[in-house]
Amino acid sequence: MIQFEAVHKRFPNGTTAVHDLTLEMPEGGVTVLVGSSGCGKTTTLRMVNRMVEPTSGTIRVGGKDVLAQDAAELRRSIGYVIQQAGLFPHRTVLDNIATVPLLLGWGRRKARARAAELLETVGLAADTGKRFPHQLSGGQQQRVGVARALAADPPVLLMDEPFGAVDPVVRTQLQDELLRLQKELSKTIVFVTHDIDEAVRLGDRIAIFRTGGHLVQCAPPAELLASPADDFVTDFLGSERELKLLSLTPLKEVPQTRATPLRADEPVSAVSGDGGRWQLVTSAAGRPLGWLDTDALPATGTAGEAPLTPARALRDTDSLLSALNETIGSPSGCVVRVDADGAVTGVTAREEIHARATAAHAAAGAGAARTAGTAGSDSPAPTTTATPAEHPA
Amino acid sequence: MTIDWSWIADHTDDLTTLSVSHLQAALSAVFLGLLISLPLAVIAHRIRPLRGFLLGLSNVLFTIPSIAIFVLLLPVSGLTRTTTVIGLTIYTLVVLLRNTVEGLDSVPAKTKEAAKAMGTRPLRTLLTVELPLALPVIMAGVRIATVMSISLVSVATYIGDGGLGQLFTDGFQRNFPTPVIAGVVLTLLLALVADALLVALQYVLTPWTRKRGA
């Protein structure tokens, strides 16, 4: 657990980077700090490992005051990932990862063995270890950065816009990977970003900062999206706030009706019109192939040979937002539900999804904390509204 | 101008001795120059106000004519090899100091920051991160300083040293060109070989700068 208590940071040039910050970052959870540039989020992160020293106030990591510890030793006990990885260009990937273990005096063999193990953990091939950072892609470098931060198995990870410099596809991959790792490792993570979507995706709690270093609101994503503390937060969350909320709610709890799909090898002559205009067609293995228009049936052939409108099937782990998206494109107004193997289990109507979306919004608005089953702590955490009296002009 | 090959054949031992002495003087100067430049460069790099002063000083020293330096040093160290090496060392400073400072400047802030954030203390950061990354620029300075020193050793002939430079005075006084030509060719060879060895040394020391198929 990381605790900020009445922390101020004023720089020598007179600017206040962080203003009277009191904040708790729960153990084993991801706390995302967001805000526009110059709002103090990075300064806040950097005060945790004393890369920046607070002007006043107390910061505790695991109950111990950071200012009472040797700065270098403190830093070795806290993982640190920065944008564009900040890898050492003159060291091989393996030696980069082994940095902190070597500083801790593990000895070269043990440190290298641990580094090799971590390469695998972050999804890199073993032969990557002998390369130099400039020989890797941006995404690979970022993975090495994460591996380096994890090397000495620190309980706390600080991540300063770690995925800011990679393209959107790689960024999504890295986010998924981080969520997967976090499920396994349960680190206390402080994550800085200016991307609210990234914050919603990764955070167990999101702390929104406003220029001048004011913490405006800190709450679980669902609660933040459902009931923003003020106009600033509302603006920051953007016009798709309600949709972002749906992205947090899995499809799992939405009921489905049993479908009676056509097999691809059934002749179209056998199709009866009483199942509605659009009929779902599946392969022999039960995988969805698409929607068949019974108003425009070809004269001969099988259902699989007829022109089909494609259907993107959804699993229980997909979000309500994806489901809503599918209902827009689906000619029948239904989304196709599949199991983990991709076989059709049923369909859900547009109305059902809408009803569920509204309910999810109401539940989150009522302060029911996390509606979603995304990774994180299972006890609902209360909202902290830091400076409710101060509204932006 | 003809070359008297028999003179060369008769004097191979002398030529070898002079070459070795010549190289020793030059390399000692570069070595001492590095020894002085490294700490000064670190100071100039870390303490901004001192940077202009130190670099300016090395420039001023460089503008003193070489013969004048040897003459000024005579009361201190006399007609000795020490005088030669001190004089040459002073000249190496201008390149070595500037390149070392620039090398340290060229280390990305992000990399130094990462080292600090991982819990590396300042001295260790200097030795294991900053100096290795500054090495290509420092080595460029070492190469220039080495070639420059090898060519300058001859000037020390005026104080009775000068390695291969002695061949020039000898040939001039006797109006006999062979030793002069031999001296020029050998100086050139020493410079080329020394430079090639330094390039090889840099290649070995900086594996991360090599272009390789990723």
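**Reading the model step by step**

Student: How many helices and strands does chain A have?

Tutor: Chain A has 13 helices and 17 strands. Helices (H or I, at least four residues) and strands (E, at least two) are DSSP runs, numbered from the N terminus. This is a predicted model, where local features need pLDDT of at least 70, side-chain atom pairs count only at pLDDT 80 or more, and totals for chains, interfaces and linings use all residues. Residues are numbered from 1 along each chain as its sequence is written, while chains are lettered from A and ligands numbered from 1 in the order in which they are written.

Student: What does the C-alpha trace of chain A span along its principal axes?

Tutor: About 80 × 55 × 30 Å. Of the 393 residues in chain A, 45% count as buried. The rule is a neighbour count: a residue is buried if 20 or more other C-beta atoms lie within 10 Å of its own, exposed if 12 or fewer, and partly exposed in between, with C-beta atoms placed from the backbone.

Student: Which domains does the assignment give for chain A?

Tutor: Such bounds come from an automatic or database domain assignment. Here we get domain 1 (2-249) and domain 2 (252-266 + 277-356). Taken over C-alpha atoms, the centres of domain 1 and domain 2 of chain A are 41 Å apart.

Student: How many residues of domain 1 of chain A are in contact with domain 2 of chain A?

Tutor: Two residues are in contact if their C-beta atoms, placed from the backbone, lie within 7 Å. By that rule, 5 residues of domain 1 of chain A are in contact with 4 residues of domain 2 of chain A. On the domain 1 side, the residues divide into 3 nonpolar, 2 polar and no charged. Ala, Val, Leu, Ile, Met, Phe, Trp, Tyr, Cys and Pro count as nonpolar, Asp, Glu, Lys and Arg as charged, and the others, Gly among them, as polar.

Student: How many residues does each chain bring to the contact between A and B?

Tutor: Chain B brings 16 residues and chain A brings 18 residues. On the chain B side, helix 6 (109-117) and helix 7 (122-152) each supply at least two residues. Helix 6 of chain B gives the most, with 6 residues. The chain B side divides into 8 nonpolar, 3 polar and 5 charged.

Student: And how many residues are in the largest nonpolar core?

Tutor: A nonpolar core is a set of buried Ala, Val, Leu, Ile, Met, Phe, Trp, Tyr and Cys residues joined through C-beta atoms within 7 Å. The largest one has 145 residues, and those with the most contacts inside it include A:Val48, A:Ile97 and A:Ala147. Helix 5 (residues 81-105) of chain B gives the most to this core, with 11 residues. Leaving aside neighbours within four places in sequence, A:Ala147 is in contact with A:Ile97, A:Leu118, A:Leu119, A:Thr121 and A:Val122.

Student: Where does the kink in helix 2 of chain B lie?

Tutor: A bend is the angle between axes fitted to the seven residues ending at a residue and the seven starting there. The kink, about 25°, lies at B:Ser37, shortly before the proline B:Pro39.

Student: Last one: is A:Ala6 buried or exposed?

Tutor: A:Ala6 is exposed, with 11 other C-beta atoms within 10 Å. A:Ala6 sits in strand 1 (residues 2-10) of chain A and has a positive phi of about 50° although it is not a glycine.
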